[in-house]
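Dear colleague,

Here is the structure that I promised to hand over, with the sequence alongside. Please have it open while you read the notes below.

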Amino acid sequence: MARAHWGCCPWLVLLCACAWGHPKPADLGGQDVRNCSTNPPYLPVTVVNTTVSLTALRQQMQTQNLSAYIIPDTDAHMNEYIGQHDERRAWITGFTGSAGTAVVTMKKAAVWTDSRYWTQAERQMDCNWELHKEVGTTPIVTWLLTEIPAGGCVGFDPFLLSIDTWESYNLALQGSNRQLVSITTNLVDLVWGSERPPVPNQPIYALQEAFTGSTWQEKVSGVRSQMQKHQKAPTAVLLSALEETAWLFNLRASDIPYNPFFYSYTLLTDSSIRLFANKSRFSSETLSYLNSSCTGPMCVQIEDYSQVRDSIQAYALGDVRIWIGTSYTMYGIYEVIPKEKLVTDTYSPVMMTKAVKNSKEQALLKASHVRDAVAVIRYLVWLEKNVPKGTVDEFSGAELVDKFRGEEQFSSGPSFETISASGLNAALAHYSPTKELNRKLSSDEMYLLDSGGQYWDGTTDITRTVHWGTPSAFQKEAYTRVLIGNIDLSRLIFPAATSGRMVEAFARRALWDAGLNYGHGTGHGIGNFLCVHEWPVGFQSNNIAMAKGMFTSIEPGYYKDGEFGIRLEDVALVVEAKTKYPGSYLTFEVVSFVPYDRNLIDVSLLSPEHLQYLNRYYQTIREKVGPELQRRQLLEEFKWLQQHTEPLAARAPDTASWASMLVISTLAILIWSV
């Protein structure tokens, strides 16, 4: 599970808080902590003074004849995380939460965000800003219609609005005598000026062949084959999501936090390949790898990133048809392509192809999970020894598990901001600690760890919940029901091409039986050294159907407000199922290899099938991770693993139960003999 990432939740940018976010910690807000009615106003010391920047922005708006200007929270590629130089909304407002839209008029300024960030926004924004505790384009447009006069123009950067978001604004403003105005020069950037952080300039490098499933030439040929077979005969494919270009060419960099991407676009035709990026970042070896010195159909021409709009517009003048995935294409590109020359699908052919891993990619991703398990097990063993000392807090724990991962072979950092949550903080499904705001870990409380790593051979994401003391009966029941949900979905057999949303309820059934539930999604796709939340795979309504070779997380949970939280997350590969009769059926093969907390399992709630599955899983963990621990002389961790993967047995009825059964049996015999 992870932060508000629009790269992986493109549908939800302005519609709701993404179900897979890893935002900064924030309290649910009640009354505004600011008092702007007093003179001087009462403000928390954490607010940012935005008077000067707002005045400068309004001057820029005046030069463009704008009545209002929209400032979204995303970048030009719908990335899950955004770079510092793209944090425009945070800079202009002072509010650093990952989700929220700002709008500035000539007299007012306002921010719309969801409940996770209300208190945070109040503590960071000065009295220049109104806080609206709702999300979506509708409340923003309603506010605009009351604040700007008829005939007014609402400006926006077309590279920061998706096609869907632009359409929702445009539709809502129709008939209002106000219009949207696309301005390609970002006005916040003009005001930000030299203070704006620079665009990353680290090298863009090619992955070693050992870490790729196919060569870039094979991938290009595969996409071209799909173009030729398409009934609308597209002449080109335009790739806007950074993960698409990174995957296609087996290239990586570090422009985006937690994601090994670089700013780029790709225009692939049947006879040419154009990669829009900063050419100075490619070494001579990488340029040679891309055959960039030639002009043939298998030669990658590097063009400047900033020229993509003009180049697409020029290409669209010909007899062409450009195939795009609408979920990741921003309006800034979309508006320069005549609609009759567009071939649209929800996802591009690269996004769809990337979702299904070939046999080599599967083996690579599995191998990364073995090493990742070693890091997590090292951390859990360390916690068992140190939490009772009272010296561990959520933040120091998060730093340590990241450190352990960094020591693993092929490591390239964490795959998202670690969720390290103790006690009541774990009830906040996407809480992450900071150095300034955290709790001590205690033997008397539950502890939830949701973390993952980036490795050259794969991306990982795993959640375990533990308790080192004596959990309550309810905590054990809730944990066991979450575990049953995880098992029920993991062992499910279902017809091929079934949508994830059709089977998602199996992860909730054990909780529903007891009147419990959880409020987030049940799973998401995962990449090979790419995005930790890789669309379009998963269990939501807008995910594609399950297919052999896909990887998804399975992560049911339960959260008791103000007390504790539970989540058990594994990554699983979709594989063919063995059935009694012939047919095309699928199931899951779990590739996360860390045992669950025995201290929290109520074995009496588990069926024989659950126990059989769990013990088989534990045997797999021993076989996969045990040898790696021994090879590295991690003998304490190996001993821990052996103890925590001992087979579980069904619990016999207690003495009282046996006594009751004896009485009932005796009475039955007496009655029968009469």
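This is a predicted model: local features need pLDDT of at least 70, side-chain atom pairs count only at pLDDT 80 or more; totals for chains, interfaces and linings use all residues.

Residues are numbered from 1 along each chain as its sequence is written, and side-chain values use heavy atoms, with hydrogens and water left out.

I begin with the interior. Buried here means under 20% relative accessible area, exposed means over 50%, and partly exposed is in between, with a 1.4 Å probe and protein chains only.

Leaving aside neighbours within four places in sequence, Phe249 is in contact (heavy atoms within 4.5 Å) with Trp216, Val220, Thr266, Ile273, Leu275, Tyr289, Leu290 and Val300. Phe249 is also one of the buried residues of H8, along with Leu242, Glu243, Glu244, Thr245, Ala246, Trp247 and Leu248, and helix H8 (residues 242-249) is accordingly described as mostly covered, with eight of its eight residues buried. Just after H8, Asn250 takes a positive phi of about 55°.

Helix H5 (residues 163-173) has Ile163, Thr165, Trp166, Tyr169 and Leu173 buried. These residues lie on the same side of H5, because they cover an arc of only 165° around the axis, the arc being that of the directions from the helix axis to the C-beta atoms. Just after H5, Gly175 has a positive phi of about 80°.

Axes here are lines fitted to C-alpha atoms, for helices over the stretch in contact, and angles run from 0 to 180 degrees between N-to-C directions. The axes of H13 and helix H19 (residues 635-644) come within 10 Å and cross at roughly 90°, which makes H13 roughly perpendicular to H19; angles under 35 degrees count as roughly parallel, over 145 as roughly antiparallel, 65 to 115 as roughly perpendicular and the rest as oblique. On the H13 side the contact is made by Ile377, Arg378, Leu380, Val381, Glu384 and Lys385, and on the H19 side by Glu636, Glu637, Trp640, Leu641 and His644.

The other pair is helix H15 (residues 473-490) and helix H18 (residues 608-631), which pack at an angle of about 80° with their axes 11 Å apart, so that H15 is roughly perpendicular to H18. Here Leu483, Ile484, Ile487, Asp488 and Ser490 in H15 meet His610, Tyr613 and Leu614 in H18.

Asp372 also lies in helix H13 and, at 3% relative accessibility, counts as buried. Apart from neighbours within four places in sequence, Asp372 is in contact with Arg405, Gly453, Tyr455, Thr460 and Ile462.

Turning to the cysteines, a search of the whole structure finds one disulfide, a disulfide being a pair of cysteine sulfur atoms within 2.5 Å. Cys294 and Cys299 form this link, with their sulfur atoms 1.8 Å apart, and the value of -100° about the S-S bond makes the link left-handed. Cys294 is partly exposed at a relative accessible area of 28%, whereas Cys299 is buried at 7% relative accessibility.

Finally, some backbone points may be worth checking on your screen. Most residues other than glycine have a negative phi, and most peptide bonds are trans. Ala233, in the loop between helix H7 (216-229) and strand S8 (236-239), has a positive phi near 50°. Gln633, in the loop between H18 and H19, has a positive phi of about 60° and is exposed at 57% relative accessibility. The peptide bond from Trp535 to Pro536 is cis, with omega near 10°.

With best regards

Definitions and conventions:
Helices (H or I, at least four residues) and strands (E, at least two) are DSSP runs, numbered from the N terminus.
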